[in-house]
Amino acid sequence: MNFAICNEIFRDWKIEAVFAYAAKLGYTAVEIAPFTLANSVTDISAGERSVIRETAARANIQIAGIHWVLVKPEGLYINHPDQAIRERTARYFCDLVDFCADLGGQVMVVGSPKQRNVPPGVSLEQALDWAAGTFREAVAVAERREITICFEPLAPAETNFINSAQEAISFVQRVASPRFQIILDVKAMCSESKPIPRIIADSWPHFAHFHANDRNLKGPGFGDVDFRPIAAALKAVGYQGFVSVEVFNFDEGPEAIATKSLDYLQRTFA
């Protein structure tokens, strides 16, 4: 299994230091949150993108892709009633796909709970229709650039729009393309009524990326989620993508998070 780690865990580290440290520990790849590099990916020049890609290659680390894509710039929204806001978001999704491809990434993860909540007075069907429209052009760009956009189901505590893997699969099928899939995230799956191995089995082959974390917002191995049946389920369906460490509680510090998470994953997937 290919293990990756998300770069925001390292807070203020320069990206070249993240690449070097991840490679030293034994990770295959780093997943990048664009807001850690710039306010907007349009501020990152072609030359700077080449440097990032080349720096990763020299460190012998892959760039898995990008995530946390709508943290910055402000004012973007997937299913906003204002068409102008949706159109601006749609254009930025195209910019994000190009950025991901320029870095040599494979997947673009879209979670963004605060930029997709269904506002009062808007029906779920209308929100789904608006959201699908926001993604269509970016999916076309993703097909050309060979990037897979992965929409993320999130817990009801985070958003009221698409809370289960099955709902996410139904949504991406509105824009039928092999380049529009879903991502499964352990923390998010903990909010579903079905056991995580069953969600994995029922969701295959519609997910193209996997985030490893715990219900306590820490890394894998830092809580009570047992990854052994998760590893078995991923192997059973033939998943060959990245298992990427993404955490939301950084109390232990980047070195401990990165080291212990990888050690736990290597042992449970062995």
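A: Pro-73 lies in the loop between β3 (62-66) and α3; helices (H or I, at least four residues) and strands (E, at least two) are DSSP runs, numbered from the N terminus. Lys-72 and Pro-73 are joined by a cis peptide bond, with omega at about -5°. This is a predicted model in which local features need pLDDT of at least 70 and side-chain atom pairs count only at pLDDT 80 or more, whereas totals for chains, interfaces and linings use all residues. Residues are numbered from 1 along each chain as its sequence is written, and side-chain values use heavy atoms, with hydrogens and water left out.

The loop between β3 and α3 also holds Trp-68. Phi of Trp-68 is positive, at about 50°, although the residue is not a glycine. Most residues other than glycine have a negative phi, and most peptide bonds are trans. With a relative accessible area of 32%, Trp-68 is partly exposed; buried means under 20%, exposed over 50% and partly exposed in between (1.4 Å probe, protein chains only).

Helix α3 comprises 21 residues, 83-103. Its N-terminal end is capped by Asp-82, a side-chain oxygen of which lies 2.9 Å from the backbone nitrogen of Ala-84. Such a polar contact is a pair of N or O atoms within 3.5 Å; within protein, one must be able to donate a hydrogen and the other to accept it, and residues adjacent in sequence count only if both atoms are side-chain atoms. After α3 comes Gly-104, with a positive phi near 85°.

Pro-205 is placed in the loop between α7 (196-203) and β7. Glu-146, a residue other than glycine, has a positive phi near 60° and is found in the loop between α4 (124-145) and β5 (148-151). Its relative accessibility of 57% makes Glu-146 exposed.

Trp-204 also takes part in a ring contact. The whole structure contains 18 aromatic pairs, where rings of Phe, Tyr and Trp (its six-membered ring) pair if their centres lie within 6.5 Å, with planes under 30 degrees apart counted as stacked, over 60 as edge-to-face and the rest as tilted. The rings of Trp-204 and Phe-207 are edge-to-face, because their centres are 5.1 Å apart and their planes stand at 65°. Trp-204 is partly exposed at 31% relative accessibility, whereas Phe-207 is buried at 3%.

Strand β7 (residues 207-212) includes His-209. His-209 is buried, at 0% relative accessibility, and its side chain makes a polar contact of 2.9 Å with the side chain of Glu-31.

Strand β2 spans residues 29-32 and pairs with β1 in the parallel sense over 3 bridges; two strands pair if DSSP finds at least two bridges between them. Ala-4 stands opposite Ala-29 in β2. From β1 the chain passes through helix α1 (residues 15-25) to β2 in a right-handed β-α-β crossover: with the strands pointing away from the viewer, the path from the first strand over the helix to the second runs clockwise. Strand β1 (residues 2-6) has 4 of its 5 residues buried. It is also joined to strand β8 (residues 242-245) by 4 bridges, in parallel, and Phe-3 stands opposite Val-243 in β8.

A further group of rings forms one aromatic cluster: Phe-93, Phe-135, Phe-151, Phe-161, Phe-171 and Phe-180. Phe-180 lies in strand β6 (residues 180-185) and is buried, with a relative accessible area of 2%. The C-alpha atoms of Phe-180 and Val-107 are separated by 9.9 Å, although the two residues are 73 residues apart along the chain.

Charges sit over rings at Phe-248, where the charged end of Lys-187 is 4.7 Å from the ring centre, and at Phe-222, where Lys-260 is at 4.5 Å. The criterion is that NZ of Lys or CZ of Arg is within 6 Å of the ring centre and within 35 degrees of the ring normal.

Methods:
The expected span of a helix is 1.5 Å times one less than its number of residues.
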